[in-house]
Amino acid sequence: MFLVGLTGGIASGKSTVVSILRELGCAVIDADLIARQVVRLGTPAYAQIVQHFGDGVLLVSGELDREKLGTIIFSDPEKRCVLNSITHPQIRREMLRQTLQYFFLGYRYVILDIPLLFESRSMTRYMKHTMLVYCDPQTQLDRLMRRNSLSRDEATKRIAAQLPLDSKLPLADHVINNSGDRESTRRQVLQLHSRLQSSLAYLPVRIAAVTMATGLVVLACGLLRRLW
């Protein structure tokens with residue numbers, strides 16, 4: 001099995017690509033979903049966030065107000081780093097657990113959907129391939145304003161908090177251009193999936209796992225013979 005890092009930019013259409021990949025039966029681990037799970041009410045990360053950011057980032061229900069927290073961290077890089085230091089270790093732990101689960105289920109490759117894959121850089125060394133969902137800057141701005149009901153200034157600030165999509169292009173092994181319609185995007189995803197599925201890059205890890213398992217069986221048999 002090998003890992004494919006999937007990233008994009010805010011409102012670049014990464015969710016559309018993930019939806020298509022799942023339709024194809026691909027294993028996708030969603031870092032954003034995990035990020036929401038690890039900060040639920042009562043979790044260690046939740047307690048640390050409240051300690052650092054105060055009760056002002058809470059809803060009446062006690063849950064985190066993600067919109068308010070997002071406004072804070074997108075306008076303050078230092079506070080964004082604090083939040084990342086709280087949540088990232090928990091997110092990585094859960095991603096590892098899910099990756100191992102897919103490995104034992106026999107998947108040839110697993111996609112790790114990580115919005116800040118290139119910004120953090122800490123995860124890229126684990127990826128056999130990286131995939132960027134791209135769209136042109138004007139389309140990205142229009143989509144974000146429409147999707148989140150933001151002003152042009154608010155949307156521009158949120159986009160500026162990430163690396164520009166154009167800067168990510170040379171960092172990616174594969175690019176899905178999502179500036180057009182869904183059918184165009186789907187064709188690109190199908191083509192890439194076919195290439196990844198037919199790759200033999202999964203074999204080294206699978207062979208190593210079988211070899212290790214065989215060695216453990218031989219060791220166990222030897223111990224049993226001695227006991228008998």
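## Second largest pocket

In this predicted model, the lining of the second largest pocket comprises twelve nonpolar residues, one polar and one charged (Ala, Val, Leu, Ile, Met, Phe, Trp, Tyr, Cys and Pro count as nonpolar, Asp, Glu, Lys and Arg as charged, and the others, Gly among them, as polar). A pocket is an open set of points on a 1 Å grid over the protein atoms alone, where a 1.4 Å probe fits, with protein on both sides within 12 Å along at least five of seven lines; lining residues have an atom within 4 Å of a point.

The volume is about 340 Å³, taken as the space filled by probe spheres set on the points, which are joined across faces, edges and corners. Of the 14 lining residues, Leu3, Leu96, Thr99, Leu112 and Tyr126 lie nearest the centre. β1 (2-7) and α5 each supply at least two, and α5 gives the most, with six. Helices (H or I, at least four residues) and strands (E, at least two) are DSSP runs, numbered from the N terminus.

## Largest pocket

The largest pocket has a volume of about 1500 Å³. Its lining has 50 residues, and Asp32, Arg66, Phe74, Pro115 and Gln162 are the closest to the centre. By class, this lining holds 21 nonpolar, 15 polar and 14 charged residues.

Several helices contribute at least two residues each, among them α1 (14-23), α2 (31-37), α4 (66-75) and α5 (77-104). The largest share, ten residues, again belongs to α5.

## Basis of the values

Residues are numbered from 1 along each chain as its sequence is written. Totals for linings use all residues of the model, whereas local features need pLDDT of at least 70 and side-chain atom pairs pLDDT 80 or more.

Conventions:
Side-chain values use heavy atoms; hydrogens and water are left out.
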